[in-house]
Amino acid sequence: MDELLNNKTFAVHAAAAAAAVTLGTTLTYPLDTLKVLIQVGSTAGKPLTEAEVLYRVRALSGYSGLYNGVAWMTVGRTLGLGVRFGVYEVVTAFYKDGREDNYVSVAEALMAGFVAGTTECVVASPFELIKLRAQVASASPTMHVPSVSEKGVIPTLPSRLLPRYSMDMKAMSNSMGLLSTLTTQQRHANMFDALKEYPWMMTGSGKPPPVNNVRMPSDIVSLEGWTAMWRGLRSGLVRDSIFGGVFFSSWQFLHQAMLSWKAVGMDPVPKYDIEAGPLSPIAVTLAAGVSGSIAAAASHGFDTTRSRSQCTVLPKYVTMERKFLKWKRPGKRFERLTGIHPADRNLLLNGISLRMARCGLASSVIVGSYFLAIENLVSN
């Protein structure tokens, strides 16, 4: 391991990969922001369009709002892609062991991609959650943050769960009005202060706080617990496993087709793929872009499910209640296993064109810039 870390070639490849992921993520991040806002903001009766989302973000946050959460996305993508390609290489090394050439079939690439995508999901989930909530905040109106003197009035328990959140007094007044019909014997002597002691009433209406108020890591862990960092894991595992499998298998298929086409005019015809020589970086880059778009289309339904799940605030006390009541997931068996909510059945394809464009462009930029960096750095 020490020899690997001290190897300059390894350091050059790692730096080139990190720079390529950063470039690809930065260039395509606005597409991801628009895609996420369309997924979480659309309803069955009123799907959002790209123009509507762009206008809202520009009005509330400016064009810089399209890059909210880009740092979290960059870190998560760098770690996730490193794990994805690393696990894929390890798995395919077992397939190629004992063979005269380095040939990997499309089916083997598909299975290795399933394993690589599953591992990537576990690693990148916390960063994706924080990134998504930052994106949602860019299209949400700014809430009033209470001053230090106002914070001292907040009860102890709600302030520990979400310190930077202030109660909606209008909603609290409406709740008090509903309880005013109680008789004097049934009513608490100081109903207002009694309600503020309960975390269920931290917003004044009994609903959880808005997602744009629970976007910092400390707030998420405090209100929802550590497990919230992996919310929507079921749909995420299905999405990333399908994406990884389809991406690597289609890339391997295109790679094999281009090698076969290249070997047609050679005399003698090469026996192994390695004898045909390497493909041009442009061809590999275009193949990666096409594979990314195909994989995005195949897994998009589960991406919508995961985005809508991560956009839901689920406090600790609600999770505890569900455990006590033995709450069961709604929907059919397949929907329960994959995390799809029945209300989202007609929304699964929202934003698919944006995701295909983002994944295709990002894959091309990452692979192309990586080859370009390696060619210049290694030669020097």
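1. The lining of the largest cavity divides by class into 13 nonpolar, four polar and 13 charged residues. Nonpolar here covers Ala, Val, Leu, Ile, Met, Phe, Trp, Tyr, Cys and Pro; charged covers Asp, Glu, Lys and Arg; the others, Gly among them, count as polar. The model is predicted: local features need pLDDT of at least 70 and side-chain atom pairs count only at pLDDT 80 or more, while totals for chains, interfaces and linings use all residues. Residues are numbered from 1 along each chain as its sequence is written, and side-chain values use heavy atoms, with hydrogens and water left out.

2. The space in this cavity comes to about 450 Å³. Its lining has 30 residues, and the closest to the centre are Met-73, Arg-77, Arg-84, Glu-120 and Arg-358. A cavity is a set of points, on a 1 Å grid over the protein atoms alone, where a 1.4 Å probe fits but cannot get out; a pocket is an open set with protein on both sides within 12 Å along at least five of seven lines; lining residues have an atom within 4 Å of a point. Grid points are joined across faces, edges and corners, and a volume is the space filled by probe spheres set on the points.

3. Which helices build this lining? H2, H4, H5, H11, H12 and H15 each supply at least two residues of the lining of the largest cavity. H4 gives the most, eight residues. Helices (H or I, at least four residues) and strands (E, at least two) are DSSP runs, numbered from the N terminus.

4. The whole structure holds two cavities of 30 Å³ or more. H2 provides the largest share, five residues; H2, H4 and H15 each supply at least two. By class there are three nonpolar, three polar and three charged residues.

5. Now the open spaces. The largest pocket has a volume of about 1,400 Å³. It is lined by 38 residues, with Phe-85, Tyr-88, Glu-89, Trp-251 and Phe-371 the closest to its centre. At least two lining residues come from each of H2 (8-41), H4 (70-96), H11 (233-263) and H15 (352-379). H4 gives the most, with 11 residues. The lining has 24 nonpolar, 10 polar and four charged residues.

6. The second largest pocket has a volume of about 1,100 Å³. Of its 35 lining residues, Arg-231, Ser-309, Leu-314, Arg-322 and Arg-329 are the closest to the centre. H11, H12 (281-310), H13 (316-324) and H14 (333-338) each give two or more residues to this lining. H13 has the largest share, five residues. The classes are 14 nonpolar, 10 polar and 11 charged.

7. Which residues have the most contacts inside the largest nonpolar core? They are Tyr-88, Phe-243, Phe-247, Phe-248 and Trp-251, in a core of 21 residues. H4, H5 (106-138), H11, H12 and H15 each supply at least two residues of this core, and H11 gives the most, with six. Apart from it lies another core, of 14 residues, among them Ile-130, Val-214, Ile-220 and Ala-228. A nonpolar core is a set of buried Ala, Val, Leu, Ile, Met, Phe, Trp, Tyr and Cys residues joined through side-chain atoms within 4.5 Å. Buried means under 20% relative accessible area, exposed over 50%, and partly exposed in between (1.4 Å probe, protein chains only).

8. Take Phe-247 as one member of the largest core. Leaving aside neighbours within four places in sequence, Phe-247 is in contact (heavy atoms within 4.5 Å) with Arg-84, Phe-85, Ala-288, Ser-291, Gly-292, Ala-295 and Ser-363.

9. A point of backbone geometry. Most residues other than glycine have a negative phi. Lys-326 is not a glycine, yet has a positive phi of about 55°. The residue sits in the loop between H13 and H14. Is Lys-326 buried or exposed? Lys-326 counts as exposed because its relative accessibility is 70%.

10. Finally, the cysteines. The search of the whole structure finds zero disulfides, a disulfide being a pair of cysteine sulfur atoms within 2.5 Å. Cys-311 has 17% relative accessibility, so Cys-311 counts as buried. Cys-359, at 7%, also counts as buried.
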